[in-house]
Amino acid sequence: MSAFAHGHSSHNDVKNVVKGDVLVLLSSEDKMQLTEGKTEPTGYYLNEFGVPAKALVDAGYNLVLASPKGNAPAVDTKSVIPQYFGGDSDYMQEIQGFVASLDGINDTLSLKEVIDAGLKGYKGVFIPGGHAPLIDLANNPEVGAILEYFHSAEKPTAAICHGPIALLSAQNNPEAFNSALKSQANAEADDWIYAGYKMTIFSQAEEEYFESTLTDAGLLYFPSDAMSTAGGEMSYEEMWAPHVVEDRELITGQNPFSDKLLAEKLINQLNEQD
């Protein structure tokens, strides 16, 4: 099956012409390794995926969902609460229903399938957050190859909250860099394509708050440290304030509450291509 036969299209009205395909990179994992040998259930954050995804479809774009294993991505159940939707339970349920309706949500393409089918047909790429990308998108040469294409083609590349950690795969040896981060060794990025870019990710203060909800365990490394170590020019707002940074083709959002602003800036960049 070709990648482009697998996307979601909700535009039956002849007036709504599909503007093009946007690739959505999701984690295949649902359990995160912590310190002290502990684990924590994880996945994508519902609003970080669903709110921009719906905005993209409403703006005329077709979504093609992909993950490392080509499986059904897991939602982080901690994200299925109204506080991430302005306190609006009905809106949360609308987004839940929208995500459940997406073609490929229960059977994403694998990254290999996406690469083999070719990337030139895509207008841009979007990487939702949740902690899951730390597991299999931050250290993945296939993710790196995909991002290298969008970077070289100067096509919009958007990531929110923990999604920007996937950018670390776009270097010569992402596995070695990731291993060094986990072991607290001296990590040095090797020809990272985003070195010197202005960007953001879930902040240390926000991550420390998340760690306070865990029982006697923590993350193996802080994403904010990893990005600055690799050479990102990091920018943060106060905890839970919407914050999106644009630099060239790259659009990054700090936290779950940056979902609508990130979607707006991504759609603006996509529309400028036409």
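Biologist: Where does Gln184 lie?

Modeller: Gln184 lies in the loop between α6 (174-182) and β8 (198-199), where helices (H or I, at least four residues) and strands (E, at least two) are DSSP runs numbered from the N terminus. This is a predicted model, so local features need pLDDT of at least 70 and side-chain atom pairs count only at pLDDT 80 or more, while totals for chains, interfaces and linings use all residues. Residues are numbered from 1 along each chain as its sequence is written, and side-chain values use heavy atoms, leaving out hydrogens and water.

Biologist: Is Gln184 buried or exposed?

Modeller: Gln184 is exposed, at a relative accessible area of 62%; exposed means over 50%, buried under 20% and partly exposed in between (1.4 Å probe, protein chains only). Its phi is positive, about 60 degrees, although Gln184 is not a glycine.

Biologist: Switching to Glu36, which loop holds it?

Modeller: Glu36 sits in the loop between β2 (31-33) and β3 (39-41), and its phi is near 60 degrees.

Biologist: And the largest nonpolar core, which residues touch the most other members?

Modeller: Among its 46 residues, these are Leu23, Leu25, Ile165, Leu168, Trp192 and Tyr194; such a core is a set of buried Ala, Val, Leu, Ile, Met, Phe, Trp, Tyr and Cys residues joined through side-chain atoms within 4.5 Å. α5 gives the most to this core, with five residues.

Biologist: What is Ile165 in contact with?

Modeller: Leaving aside neighbours within four places in sequence, the contacts of Ile165 (heavy atoms within 4.5 Å) include Pro133, Leu134, Tyr221 and Met227.
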